[in-house]
Amino acid sequence: RRSMRQQHRAGEKLFVDFSGKRPQVVDPATGEEIPLELFVGVLGASGLIYAEATRGQDLASWVSAHVRMLEYFQGSTAIWVPDNLKSGVTTAHAYEPGINRTYDELARHYGAVVIPTRVARPKDKPKAEVSVQIAQRWILAALRHRSFFTLADLNTAIGERVDAVNDRPMKTVGVSRRAIFEQLDRPALRPLPTTGYELAEWNTCRVNID
C-alpha cells in the first residue's frame, strides 16, 4: 500500500493525543486506584516530547495541558494537529471539521490554527502515534512499580522521565531530541503571548425571534 512520507518544517506542526494506556494515583484514605489520562504532545521537526497526567479528557484538562505544554516548549508552532476527541473537535469532517470554540480560541491566542486528522487515519499523525508508544514504554512502564498519592507527585515523576527521554541520544541520528530542538524548532517557534490563556466555556441557547 502506498503512503505519503511527511516532511516536517521547523516550527510548523505540533501533534497532540491521549495515550490508550493510563497512569493512576492511589487514594490515601481508601487505597483505591484512580485511573487518569496521559496527555502527549510532540513537535514535528525535532520530535521533542511532552507528557503529563490529567484528571480526564474533558475540555478543562485538555486546555490546561496545552498551556503547560507550550510553556515547556517555550513557544508554539503554526499548526496544531489533534485527534478527533470532543474536547478539540465538535464535528469530524475530512475537509471542514468543526473545532470546539474554546479550543479554537486557545489556538488563536497562541497564533496557531487547528487542523485535526481524518477519522481513523493514524498515518495522518505518525509522530503522535510513535510518541505515545515512547511515553508508554519509557515513562509509564518505568513508573509502574511506584505508587503516587497526588496528581502533582505523579506529574513530577513524569516530568523527570520526559526530560530523560528528550536528553537521551537517539540511535538513528546519534543526537538527542533536545539537541535537534535547540537547532531546528526553538528558533522557529512563535513566542508565547505576554498573558496566559484563561479558560472560557461557551454556552449556546435557542431564543425566539422576538
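## Sorting residues into classes

In what follows, Ala, Val, Leu, Ile, Met, Phe, Trp, Tyr, Cys and Pro count as nonpolar, Asp, Glu, Lys and Arg count as charged, and the others, Gly among them, count as polar. The model itself is predicted.

## The second largest pocket

With those classes in mind, the lining of the second largest pocket can be described as 11 nonpolar, four polar and four charged residues. The pocket has a volume of about 450 Å³, and of the 19 residues that line it, Val130, Ile134, Met170, Thr172 and Arg177 lie nearest its centre.

Helix H3 (126–140) and helix H5 (177–188) each supply at least two residues of this lining, and the largest share, which amounts to five residues, comes from H3.

Strands of a sheet pair through backbone hydrogen bonds, either parallel or antiparallel. In this model, five strands form an open sheet in the order S5-S4-S1-S6-S9, and their pairing is mixed. Strand S5 (49–54) and strand S9 (113–114) stand at the edges, and each has a single partner strand, so one side of each is left without a neighbour in the sheet.

Within the sheet, strand S1 (residues 13–18) and strand S4 (residues 37–43) pair in the antiparallel sense over five bridges, and Leu14 stands opposite Leu43 in S4. Helix H1 packs on the sheet, where it touches S1, S4, S5 and strand S6 (79–81), and the direction of H1 makes about 145° with that of S5.

## Two packed helices

Two packed helices are described by the angle between their axes and the distance between the axes. For helix H1 (residues 59–73) and helix H2 (residues 101–109), the angle is about 10° and the axes are 11 Å apart. Angles under 35 degrees count as roughly parallel, and H1 and H2 are therefore roughly parallel to each other.

On the side of H1, the contact is made by Leu59, Trp62, Val63, His66 and Val67, while H2 contributes Thr102, Tyr103 and Leu106. Sorted by class, the contact of H1 with H2 has six nonpolar, two polar and no charged residues.

Key. Residues numbered from 1 in each chain as written. Predicted model: local features only at pLDDT ≥ 70, side-chain atom pairs only at ≥ 80, totals over all residues. Heavy atoms only, no water. Axes fitted to C-alpha atoms, helices over the stretch in contact; angles between N-to-C directions. Helix = DSSP H or I, 4+ residues; strand = E, 2+ residues; numbered from the N terminus. Parallel < 35°, antiparallel > 145°, perpendicular 65-115°, else oblique. Contact = heavy atoms within 4.5 Å. 1 Å grid on protein atoms, 1.4 Å probe; cavity = no way out; pocket = protein on both sides within 12 Å on 5 of 7 lines; lining within 4 Å. Points joined across faces, edges and corners; volume = space filled by probe spheres on them. Pairing = 2+ DSSP bridges.
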